[in-house]
Amino acid sequence: MYENTFPNKRYKETLDFLESNVPAPAKILDLGVKNPFSEIMEEHNYEVQNTKGEDLDLNTEAVETSVYNVVTAFEIFEHLVAPYNVLANIKAKKLVATVPLKLWFSSAYRSKTDMRDRHYHEFEDWQFDWLLEKAGWKIISRKKWTNPVKKLGIRPVLRYFTPRYYAVYAERI
């Protein structure tokens with residue numbers, strides 16, 4: 001998954017945000033297939049079940065159960081054509097989600113080798129807030145952070161002070 005880099009800062013910020021809003025233990029449905037962050041959550045005493053890689057635009061069955069305390073979605077909604085459908089159908093009462101923010105100096109991400117690794121949406125914070133509110137969520141807590149890279153150039157310099165990630169903790173209205 002991470003050939004040359006590992007998102008240490010993103011994972012640290014995400015874990016800090018999760019722990020401050022949903023302390024362990026909690027039973028979590030994590031949208032997306034099992035990944036390194038799923039394992040980090042388990043190491044921090046969360047009980048984590050991942051979705052199976054189904055197309056969440058077309059099949060929202062996984063979120064239509066109330067056996068989980070919280071649904072997490074880390075870097076998922078930007079890949080969906082219709083994230084509203086999943087958000088509206090979540091039966092858990094709590095949601096912790098992160099999305100990459102739209103960067104005015106960079107085009108939307110698109111992998112040339114993996115059709116599923118593309119961003120349909122590049123959100124601004126207000127757009128993601130609006131989406132959550134329309135889907136029946138009340139935002140309780142928010143956090144943004146930068147993602148500096150060790151490269152030379154204008155874009156890498158801008159990444160030092162332009163927030164790249166946006167985390168939200170919301171509860172069902």
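**Note on the sheet, its helices and the charged pairs**

1. Being four residues apart in helix 1, Asp 16 and Lys 12 are separated by about one helical turn, helices here being DSSP runs of H or I with at least four residues and strands runs of E with at least two, numbered from the N terminus. Asp 16 forms a salt bridge with Lys 12, their closest N and O atoms lying 2.8 Å apart, where a salt bridge is a side-chain nitrogen of Lys or Arg within 4 Å of a carboxyl oxygen of Asp or Glu. Asp 16 is partly exposed at 32% relative accessible area, whereas Lys 12, at 52%, counts as exposed (buried means under 20%, exposed over 50% and partly exposed in between, with a 1.4 Å probe and protein chains only).

2. This is a predicted model, in which local features need pLDDT of at least 70 and side-chain atom pairs count only at pLDDT 80 or more, while totals for chains, interfaces and linings use all residues. Residues are numbered from 1 along each chain as its sequence is written, and side-chain values use heavy atoms, with hydrogens and water left out.

3. Six strands form an open sheet in the order 2-1-3-4-6-5, with mixed pairing, two strands being paired if DSSP finds at least two bridges between them. Strand 2 (47-50) and strand 5 (137-145) stand at the edges with a single partner strand each, so one side of each is left without a neighbour in the sheet. Strand 3 (residues 70-74) and strand 4 (residues 94-100) pair in the parallel sense over five bridges, and Val 71 has Leu 95 in strand 4 as its bridge partner.

4. Helix 1 (residues 8-21) lies across strand 1 (27-30), strand 3, strand 4, strand 5 and strand 6 (165-172), and runs at about 145° to strand 5. Contact means heavy atoms within 4.5 Å, and angles run from 0 to 180 degrees between N-to-C directions, with axes fitted to C-alpha atoms, for helices over the stretch in contact.

5. The model has six salt bridges by the rule above, including one between Glu 122 and Arg 164 at 3.6 Å, N to O. Glu 122 lies in the loop between strand 4 and helix 4 (125-134) and Arg 164 in the loop between helix 5 and strand 6, so this pair ties together parts that are 42 residues apart in sequence; both residues are buried.

6. Another salt bridge joins Arg 142 to Asp 129, with the closest N and O atoms 3.3 Å apart. Arg 142 belongs to strand 5 and Asp 129 to helix 4, so the pair ties together parts that are 13 residues apart in sequence. Arg 142 is partly exposed at 46% relative accessibility, while Asp 129 is buried at 12%.
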